[in-house]
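This report goes through a few parts of one structure in turn. Please keep the sequence and the 3D view at hand while reading.

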Amino acid sequence: MARTLNKSYPDLVKEAQHLFWVKGYKTVTAEDLADHLNVSKSVIYNKYTKDMLFMDALDSYVISLSDPIMAEIRNSKDGLDSLRKFFYMLIDALLDKTFPRSCLMVNTVVELRNEQNRVSDIYDRYFGNMRSSYLAVLHHAVKMKQIKNPQLIESYADFLVGLIFGISILYKIKSKSQLHHYIDEQLSLIE
Amino acid sequence: MRYKEFNTNKVLEDCISLFWQHGFGACSINDIVKKTNVNRFSLYKEFDNKEGILLEALHLYHLRYSASQIAILHQDKPIKEVLTQFYLSYLKDINGHPPGCFIIHVSTELVDHNNLIKIKLNDYIKQIETALIELFQRNQFSMAVSKKITLRLTGLFCNSMCFCLIQSPEERISYIEMSLDLILNKITQNGTYA
């Protein structure tokens with residue numbers, strides 16, 4: 001008897017996301033997906049394709065993980081400390097493997113670069129929202145007189161967006177205290 | 001006696017391109033056979049397994065490409081000029097390679113589950129750190145200041161090796177320039193560093 005699909009599509013996306021996060025996009029085959037999701041291969045070939053699951057896994061990363069964190073940062077009243085708190089939290093998630101391998105979006109940038117237009121659209125949304133959230137914090141920090149050169153905050157926002165990439169490499173070889181120190185040093189550049 | 005019928009470095013160059021383009025995990029031994037025109041038996045005899053090929057490919061990449069990029073840091077030119085040249089050297093089109101750094105590319109994929117690659121990444125980053133510290137020491141900065149700047153510049157290296165992959169050539173230059181200004185402008189006239 002053919003297996004019937006007893007999982008909802010969002011559940012499948014969630015499970016597929018974990019597989020893509022650990023293995024990347026190109027390494028994962030339709031067979032891997034079928035095994036991992038416990039569905040028949042024909043489901044992957046005919047109904048929910050690898051590309052579709054991948055795009056929706058990235059979307060769900062942005063919508064359910066990154067957007068809420070960015071909203072919290074944007075609304076925070078702690079100025080630069082809210083950034084410190086965010087980066088420390090990211091470091092914890094990387095080191096304790098809450099994030100199974102780096103940041104999914106950074107992994108995708110390194111693996112696929114701009115090879116696929118649809119993925120580039122997701123980068124734009126992800127990094128665009130990150131940048132505007134950082135900028136909101138910087139405006140608040142200016143009001144709190146934490147920033148010596150307020151005329152530079154547009155550059156600071158670009159600089160801060162870059163940090164998530166470096167952390168996604170450095171956590172692989174540096175200790176927690178080294179990483180915290182690194183973040184403190186980087187944030188002190190904009191104070 | 002049977003002579004080896006292939007050029008090891010040529011095979012490894014092919015594998016660098018293959019792994020960089022498709023990812024190590026996505027390449028099968030068959031893909032490698034197809035790309036290199038060397039049969040499976042000879043590949044296994046020379047390298048033991050797929051991971052053996054990867055480690056040798058990383059080694060060759062380091063010797064042929066990274067070494068000359070890191071050597072840029074040994075030049076006697078103004079610091080900002082040397083650093084700009086160093087970062088941008090990774091984003092030029094070299095030998096048909098994609099932009100960025102092969103060692104960082106492989107590390108992103110594998111370090112979390114592969115200790116040999118982790119050691120490789122660690123040695124590589126240490127080598128860059130050492131070259132950066134030497135650059136500042138040559139320019140009469142104290143050890144403490146050299147180390148402090150190096151921490152930030154190593155971070156910029158890791159940032160740019162990923163972030164710049166999705167930027168236009170103009171965005172890459174302005175990102176690197178802006179970051180260097182931010183990091184280097186903290187140097188005061190009497191050589192201290194905030």
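## Two helices of chain B

In chain B, residues B:V11, B:D14, B:C15 and B:L18 of α1(B) meet B:D31, B:I32, B:K35 and B:T36 of α2(B). Sorted by class, this contact of α1(B) with α2(B) has four nonpolar, one polar and three charged residues. The model is a predicted one.

Two packed helices are described by the angle between their axes and the distance between the axes. Here the axes of α1(B) and α2(B), the latter spanning residues 29–36, come within 10 Å and cross at roughly 125°. Angles from 65 to 115 degrees count as roughly perpendicular and those over 145 as roughly antiparallel, so α1(B) is oblique to α2(B). The crossing in which α1(B) passes α2(B) is right-handed.

## A residue in helix α1 of chain B

B:H22 also belongs to helix α1 of chain B. Is B:H22 buried or partly exposed? It counts as partly exposed, because B:H22 has 15 C-beta neighbours inside 10 Å, while a buried residue needs 20 or more.

Apart from neighbours within four places in sequence, B:H22 is in contact with A:K26 and B:C27. From B:H22 to B:K80 there are 58 residues in sequence, and 35 Å in space from C-alpha to C-alpha.

In soluble globular proteins, nonpolar side chains tend to be buried together. The largest nonpolar core of this model has 102 residues, and A:A16, A:I167, B:C15, B:F19 and B:A57 have the most contacts inside it. Helix α8 of chain A, residues 153–170, provides the largest share of this core, with 10 residues.

What does B:A57 touch, not counting residues up to four places away in sequence? Its partners are B:L12, B:C15, B:I16 and B:F19.

## Where the chains meet

The contact between the chains takes 30 residues from chain A and 31 residues from chain B. On the side of chain B that touches chain A, at least two residues each come from α6 (102–110), α7 (115–138), α8 (143–163) and α9 (169–184) of chain B. Of these, α8(B) gives the most, with seven residues. By class, this side of chain B divides into 16 nonpolar, 10 polar and five charged residues.

## Helix α6 of chain B

α6(B) is mostly covered, with nine of its nine residues buried. Among them are B:F102, B:H105, B:E109 and B:L110. In chain A, the buried residues of α6(B) pack against α6 (104–112) and α8. In chain B, they pack against α1 (8–22), α4 (50–71), α7 and α8.

Technical notes. Residues numbered from 1 in each chain as written. Chains lettered and ligands numbered in written order. Predicted model: local features only at pLDDT ≥ 70, side-chain atom pairs only at ≥ 80, totals over all residues. Core = buried A, V, L, I, M, F, W, Y, C linked by C-beta atoms within 7 Å. Buried ≥ 20, exposed ≤ 12 C-beta atoms within 10 Å, placed from the backbone. Helix = DSSP H or I, 4+ residues; strand = E, 2+ residues; numbered from the N terminus. Contact = placed C-beta atoms within 7 Å. Nonpolar A, V, L, I, M, F, W, Y, C, P; charged D, E, K, R; others polar. Axes fitted to C-alpha atoms, helices over the stretch in contact; angles between N-to-C directions. Parallel < 35°, antiparallel > 145°, perpendicular 65-115°, else oblique. Left-handed = near helix turned anticlockwise from the far one by under 90°.
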